Amino acid sequence: MVSLYSLKYWYTRRLGVIIQASVRRGISPDVWTAVGVIAAALGCGALVMGWWLLAFILLAARLGGANLDGAVARARGVSRPFGFVLNEIGDRVSDLFIMAGLVGLALRTGSATATVYLTLVSLAAATLPTFISLAAAGAGAARLNGGPFGKTERCLAAVVAAALPQYLAMIAWVIIVGSAVTACVRLARTAAALAGRTGPALADTMAPPPPQDITRIGRSALEDEAAPGAQS
């Protein structure tokens, strides 16, 4: 589905000089994860104050950090599973900072109580697409990104809200509905990808096995059913 996420690789190409410099200097991808989080935290403050141009620059830096950590890891050949974990944590913390900025903007501008609640609901709704994507990855499906209303669209919506706080309630509704639609799209794509698969999910195969007595609960019933004379 078409979304602003399709600009990811265009943006990464624009950051090529930074990627090359990071490779030459041996800069860790985790540094760029941290840069993205710091930019999001500063962007949160800019959103609260309604400084939309500064917010735009900082949120572009937040997205840049999110692009650079993966690109540098691949370029240096240092990708690792825990890097994925750190990247996801950085992205989620950054998302919370951005959405919290809208809550702060609503409070600072004296918005109606209903608008403040809407921004809080939008903060929660914005987490739904990622929850589904990570659950899909845990089940063995692709880790889905993009829209129709992903993190890039949320950043843009936040900047618009900072520039036009009088429309904050409307923008919060856009985030809520857009996030819900995106969650449904990702869930449908995950269901299609996993259709026909049987057995435990990938994450379950990595989990410690339960105690033997727990494992046998229910199996004894099947064994009794299969035993000779059970159906007499």
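Biologist: Which residues in α8 meet which residues in α9?

Modeller: In this predicted model, Arg154, Ala157, Val160 and Ala161 of α8 meet Leu168, Ile171, Ile175 and Ser179 of α9. The residues of this contact of α8 with α9 divide into six nonpolar, one polar and one charged.

Biologist: At what angle do α8 and α9 pack, and how far apart are their axes?

Modeller: Two packed helices are described by the angle between their axes and by the distance between those axes. Here α8 and helix α9, which covers residues 168-194, pack at an angle of about 170 degrees, and their axes lie 9 Å apart. Angles over 145 degrees count as roughly antiparallel, and α8 and α9 are therefore roughly antiparallel to each other.

Biologist: How much space lies in the largest pocket, and which residues are the closest to its centre?

Modeller: The general idea is that a probe the size of a water molecule, rolled over the atoms, shows where empty space is left. In this structure the largest pocket holds about 1,000 Å³ of space, and of the 43 residues that line the largest pocket, Tyr5, Lys8, Ala66, Asn67 and Lys151 are the closest to its centre. The lining of the largest pocket divides into 20 nonpolar, eleven polar and twelve charged residues.

Biologist: Which helix gives the most to the lining of the largest pocket?

Modeller: That helix is α4, with ten residues, while the helices that each supply at least two residues of the lining include α5 and α8 (151-163).

How values were computed:
Residues are numbered from 1 along each chain as its sequence is written. This is a predicted model: local features need pLDDT of at least 70, side-chain atom pairs count only at pLDDT 80 or more; totals for chains, interfaces and linings use all residues. Side-chain values use heavy atoms; hydrogens and water are left out. On a 1 Å grid over the protein atoms alone, a cavity is a set of points where a 1.4 Å probe fits but cannot get out, and a pocket is an open set with protein on both sides within 12 Å along at least five of seven lines; lining residues have an atom within 4 Å of a point. Grid points are joined across faces, edges and corners, and a volume is the space filled by probe spheres set on the points. Helices (H or I, at least four residues) and strands (E, at least two) are DSSP runs, numbered from the N terminus. Ala, Val, Leu, Ile, Met, Phe, Trp, Tyr, Cys and Pro count as nonpolar, Asp, Glu, Lys and Arg as charged, and the others, Gly among them, as polar. Axes are lines fitted to C-alpha atoms, for helices over the stretch in contact, and angles run from 0 to 180 degrees between N-to-C directions. Angles under 35 degrees count as roughly parallel, over 145 as roughly antiparallel, 65 to 115 as roughly perpendicular and the rest as oblique. Contact means heavy atoms within 4.5 Å.
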